[in-house]
Amino acid sequence: MKRLALMIGIFALSAPLALAQTSVWAMDPAHSNVEFGIRHMGISNVHGRFGKLIGNITLNETDATKSSVQVTIDVDALDTGNTQRDTHLKSPDFFDVAKFPTAAFTSTGIITTGKHLKVTGIITVHDVTQTIELDVDGPSAPVPGMDHKSHSGYAATATINRSDFDIGSKFPAAMVGDEVKLNIDLEVIKQ
């Protein structure tokens, strides 16, 4: 009986430690965005951003490979700095935001080497789902924010092909490049 009580006591004490190893970090929408760059007619790069993101990182503080990421991107918040181009990109010719107003990313695996991560996941854009790999730096050392909560950051890059998502299929790569370079900056707040 004493042995059973001892085992129960050990499990009761270890449960809070196991819970303390995992924390949830919500994305700060005012300081997070996805920027993209794509070639135009093979002569210049057009840049834009999606500035409305929501999501969470569930961080395993002792083993980052056991962490996870979920993000939803408001595609209708697309901004290239040119209203006419933005309207065209939101049309059925490209993103068709009336039908597909959001994009989503969910991680499926993480490999870590120091502060550098390779995050693999599935991304759904324009109702097409593909696997993507992100090169990620982070997390940065947490700092206290004005809200008295810990803030941290991540920076990620990836390259995708718009043709894989059936975006702008009427436009040849000579006019609108197929390769899209992504730069992602996330500021996250510990919950």
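**Entry 1: a salt bridge to begin with**

Which side chain meets that of E61 in a salt bridge? I looked it up in this predicted model, and the partner is K190, at 3.7 Å from N to O. I then checked where the two residues sit. E61 belongs to the loop between strand 4 (53-60) and strand 5 (68-74), while K190 is in strand 12, so the pair ties together parts that are 129 residues apart in sequence.

I also wanted to know how open the two ends are. E61 has a relative accessible area of 40%, so I noted it as partly exposed. K190 comes out at 32%, and I put it down as partly exposed too.

**Entry 2: the other salt bridges I followed**

How many salt bridges does a search of the whole structure find? I got six, and I followed up some of them here.

K66 and D63 meet through their side chains in a salt bridge, with 3.9 Å from N to O. For K66 I read a relative accessibility of 62%, which counts as exposed. For D63 the value is 25%, and this residue counts as partly exposed.

Next I turned to K118 and D135, whose side chains form a salt bridge at 2.3 Å, N to O. This pair links distant parts of the chain, 17 residues apart: K118 lies in strand 8 (residues 116-125) and D135 in strand 9 (residues 128-137). Both ends have a place in my accessibility notes: K118 is partly exposed at 30% relative accessibility, and D135 is partly exposed at 27%.

From charges I moved to the nonpolar side chains. As background, I reminded myself that in soluble globular proteins nonpolar side chains tend to be buried together.

Which residues have the most contacts inside the largest nonpolar core? I found I57, F95 and L134, in a core of 42 residues. Strand 12 (residues 176-190) gives this core its largest share, six residues.

I took F95 for a closer look. Leaving out residues up to four places away in sequence, I listed its contacts as F50, V75, L89, K90, F100, V125, H126 and I167.

Is A158 buried or exposed? It is buried, with a relative accessible area of 9%. I placed A158 in strand 11 (residues 150-161). Its contacts, again without residues up to four places away in sequence, are I132, E133, L134, V180, K181 and L182.

F36 came next. This residue is in strand 2 (residues 33-40) and is buried, with a relative accessible area of 9%. Beyond residues up to four places away in sequence, F36 touches V46, H47, G48, R49, F50, L78, T80, V180, K181 and L182. I noted that F50 is also among the residues F95 touches.

How far apart are the C-alpha atoms of A158 and F36? I read 9.7 Å, for two residues 122 apart along the chain. I looked up one further pair from F36: its C-alpha atom is separated by 6.3 Å from that of N183, a residue 147 positions away along the chain.

Key:
Residues are numbered from 1 along each chain as its sequence is written. This is a predicted model: local features need pLDDT of at least 70, side-chain atom pairs count only at pLDDT 80 or more; totals for chains, interfaces and linings use all residues. Side-chain values use heavy atoms; hydrogens and water are left out. A nonpolar core is a set of buried Ala, Val, Leu, Ile, Met, Phe, Trp, Tyr and Cys residues joined through side-chain atoms within 4.5 Å. Buried means under 20% relative accessible area, exposed over 50%, partly exposed in between (1.4 Å probe, protein chains only). Helices (H or I, at least four residues) and strands (E, at least two) are DSSP runs, numbered from the N terminus. Contact means heavy atoms within 4.5 Å. A salt bridge is a side-chain nitrogen of Lys or Arg within 4 Å of a carboxyl oxygen of Asp or Glu.
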